[in-house]
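Hello,

Here is the structure I promised to pass on.

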Amino acid sequence: MTHPDPFNARRTLRTGDREAVIHSLDALQAAGLTQLDRLPFSIRILLENALRHLGRGFVTEEHVRALASWTPATAGQGEIPYMPARVVLQDFTGVPCVVDLVAMRDAMAAMGGDPQRINPVVPCDLVIDHSVQVDHYGSAEAFKANVALEFDRNAERYELLKFAQQAFENFRVVPPGMGIVHQVNLEYLSPAIQLRDQYGDLTAYPDTCVGTDSHTTMINGLGVMGWGVGGIEAEAVMLGQPYFMVIPEVIGMRLSGTLPPGCTATDLVLTATNKLRAAGVVDKFVEFFGPGLHQLPLADRATLANMAPEYGATMGFFPVDAETVRYLERTGRDAEQVALVESYCRAQHLWHTADTPDPEFNAVLELDLGAVVPSVAGPKRPQDLVALSDLRRSFATTLPGLMMPTVPAERRAWAEASTAEWTNEGGTPAVATTPDTIPAHACELDGENFELHDGSVVIAAITSCTNTSNPSVMVGAGLLAKKAVALGLRRRPWVKSSLAPGSRVVTDYLERAGLNTYLDALGFQTVGYGCTTCIGNSGPLPEPIQKAIEEHSLVAASVLSGNRNFEARVHPAVRANYLMSPMLVVAFALLGRVNVDLTSEPIGISDSGEPVFLADIWPTPQEIQETIAHAVGPDLFRNQYATVFDGDAEWQALEVPSGSRFKWNRASTYVQEPPFFQALPTVPRPLQDITGARVLALLGDSVTTDHISPAGAIPKNGPAAVYLREHGVDQPDWNTFGARRGNHEVMMRGTFGNVRIKNRLVPDKEGNWTRFFPTDEVMSIYDAAMKYADQATPLVLLVGKEYGTGSSRDWAAKGTALLGVKAVIAESYERIHRSNLVGMGVLPLGFEPGQTATTLGLSGAEVFSISGIAAGLIPGGTVTVTARDAARGTEVTFPAVVRLNSPVELEYLAHGGILSRVLRLFNEG
């Protein structure tokens, strides 16, 4: 096999008793093409990737030179093809990928091609972690009962995934009950440095990945480049296509100092998220450096990296150093692999020490670890930082805005008066309103009587990859529980508490330390291994609690150790949601309310009648570190991951058909053949201008993918519920939108169906509503879209800033396309969603700076035409939008920016989406 090597960069590296090929960055430096010390570490990895794939069909010498000559001034200019080493999937986003791959095999056969050509080229790992729901809690039987329900609800989906495991090459599945994809990726799947046959040679190179979950960035803590992409893009990468990206800007975050006693990695993460989001790092790489870097254990780094989607960055990267190697050893990696990581990184200028020169960055932000204070984030966004000492005031001042329109007038007046007191309005002093004055409502559960009020904590969940990967905060939660139990404190009866570890190793070290007993005593029994509350799988509230919230329009609260707290995400009935460390989750479960200053007010009363303060039960750093040293060892990781792909008896008992083509069950309400490739012509039709379009929704700022993409519980009166009832599925068996992502009929009916979404076409309503302009009727967005489709009317969306913030959900784009939306006009986009829209053939347009729907006087009632598409779109160019309102006799014409990043994205759009283009390429051979 020939080896293109115009830069003479092929070298060998001894690894064990073998030699591996490497593509030396030193060769580029010796040739005068780069100065490696000034390049951010993340750019060095991109440079190696380009150098290794040079001349193999996508990467050119110009791409290598562009990366080698990266400077802050040239960043953001030009596009490169990037070839990740792996793809990681979770089951919510993975099932649609598998459905598409199976459907592509059928489409290939229909086009006269070989279905077997549709096969992952890049290795893929799918971890089933998003399907377990917290139906049962607070008992020793909770885990077993939840797992039984999980299999009962998801058997059809699991059969599809098990079929894919046997039918497709390079496709592995981690069965349910093993852990969260990102934690499994960090603790086991990633080798940090790959050693594989590539282009005919045993080759060593940096591990890199893309994933269908935005928190794929957690692997950045291990020095591995990876981030979330849409399922659409992930499928293309699986099939051997590059991920095209603009050469990134890199923001350096300089860390200094050390965390004060009493502060956790979670406090640091929430502080950094607030700072980075405020600085505006959307679409950029963030790279951590500085003297404080070596003060952070790798688990803390992974926690920081995990939150990159919350601060808006493409990733939050940490270079490989001695702590990386120690972590690989602690998690049971093979000694030869650990040695390879260090030797390769040293040879390739990818090894970081305290003496490493600081690279150049587009900008540098400073973060003094010593200035971090105990904090939470909420009540609606992860970047909304609240010092723990300020939580009482913060909740009081945000309460009026959290209340439903149905709240009684006297309680709203009380909330507004309380807000005025806290904000010194009217010249009155700022005073704390005592809990006794809060309007409360009687409730009874399991024979216990109590009162609920605004701010009552009804969900307390230790959940999500963000924190369950970090022994310091998990052990800390166990130690806090131990001290609380010793003093006689108990969980409040109205709090639904749960513990969903990110891997079984967590259970092992909590048991070895003897801390699981105390967590169990406070109601934090293990409910499952997976992403539960953080993804909306918090399960139902007890009926009396749910009834009290609904009857009295209460602003109930949740506390969770997760990374997402967007509106209606945790639970539709819970309007105030706060992110925090696992230790604080336990503390708030003991107290049962968020309108409190835990730094000065007692958390409860001990058995001896004395007030107990948070400081009385907070573990010391020394206690935490001593417990970790005793309880956490490589043996735990080796034991658990030795059988990670085996699954339990229920998984092994699943029967799936043999063969390479999936047999669709037309009666299934979980898995259906998608329409994207049916009757697909072998050659795409030319792009056309959009004429006679109507506005489906007029939306404001910060509309998230949680607002767009169906997730969580299926509303009982929505279009998806109607569909399921028509197909004989009763409400107890509806499961969640996430579980039904393999059925486009369910998903398109839930698109834009979030109960909190606000469509300005119907300003007096929340949720899945719009105005059907031909008859001026108010109806569901789905029903209106279908009526427009019957009339062959194309649709557009008008939206504000940061459109599509949130998870990398392909269904936010798929659902938009299936509803008939041809173009979105936004003030700004979040990275992943914009890319996903292109991947589904939806044209993303941008208002020019200073223009918005409001400044242009657009009401959404206009008929829209967009010209300049058929004549030839130019990425970054403009088209002309004309909006006519016959009733008002007005016409507005304005330019809109074509938010395509490259000619490749234009090609995706021309093909009707990225997968259609890939399918046609495979068919052409």
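A word on handedness before the helices: a crossing is left-handed if the near helix is turned anticlockwise from the far one by less than a right angle, and right-handed if clockwise. Please keep in mind that this is a predicted model, in which local features need pLDDT of at least 70, side-chain atom pairs count only at pLDDT 80 or more, and totals for chains, interfaces and linings use all residues. Residues are numbered from 1 along each chain as its sequence is written, and side-chain values use heavy atoms, with hydrogens and water left out.

Helices
Helices (H or I, at least four residues) and strands (E, at least two) are DSSP runs, numbered from the N terminus. Axes are lines fitted to C-alpha atoms, for helices over the stretch in contact, and angles run from 0 to 180 degrees between N-to-C directions. Angles under 35 degrees count as roughly parallel, over 145 as roughly antiparallel, 65 to 115 as roughly perpendicular and the rest as oblique.

The axes of α2 and α3 (residues 61–68) come within 9 Å and cross at roughly 165 degrees, so the two helices are roughly antiparallel to each other. The crossing of α2 past α3 is left-handed. Further along, α17 (residues 504–512) packs on α23 (residues 634–641) at an angle of about 135 degrees, with the axes 9 Å apart. That angle makes α17 oblique to α23, and α17 passes α23 in a right-handed crossing.

Cavities
On a 1 Å grid over the protein atoms alone, a cavity is a set of points where a 1.4 Å probe fits but cannot get out, and a pocket is an open set with protein on both sides within 12 Å along at least five of seven lines; lining residues have an atom within 4 Å of a point. Grid points are joined across faces, edges and corners, and a volume is the space filled by probe spheres set on the points. For the residue classes, Ala, Val, Leu, Ile, Met, Phe, Trp, Tyr, Cys and Pro count as nonpolar, Asp, Glu, Lys and Arg as charged, and the others, Gly among them, as polar.

Searching the whole structure turns up nine cavities of 30 Å³ or more. By class, the lining of the largest cavity has seven nonpolar, four polar and five charged residues.

The second largest cavity has a volume of about 110 Å³. Among its 12 lining residues, A396, W414, S418, I438 and N595 lie nearest the centre.

Second largest pocket
This pocket holds about 1,100 Å³ of space. Of its 38 lining residues, K822, M840, G841, L909 and G912 are the closest to its centre. Helix α32 gives the most to the lining, with four residues. The lining divides into 23 nonpolar, nine polar and six charged residues.

Two strands pair if DSSP finds at least two bridges between them. Four strands form an open sheet in the order β14-β13-β12-β15, with parallel pairing. Its edge strands are β14 (315–317) and β15 (363–368), each pairing on one side only. Strands β12 (residues 250–256) and β13 (residues 285–289) pair over five bridges, and I251 stands opposite V286 in β13.

Best wishes
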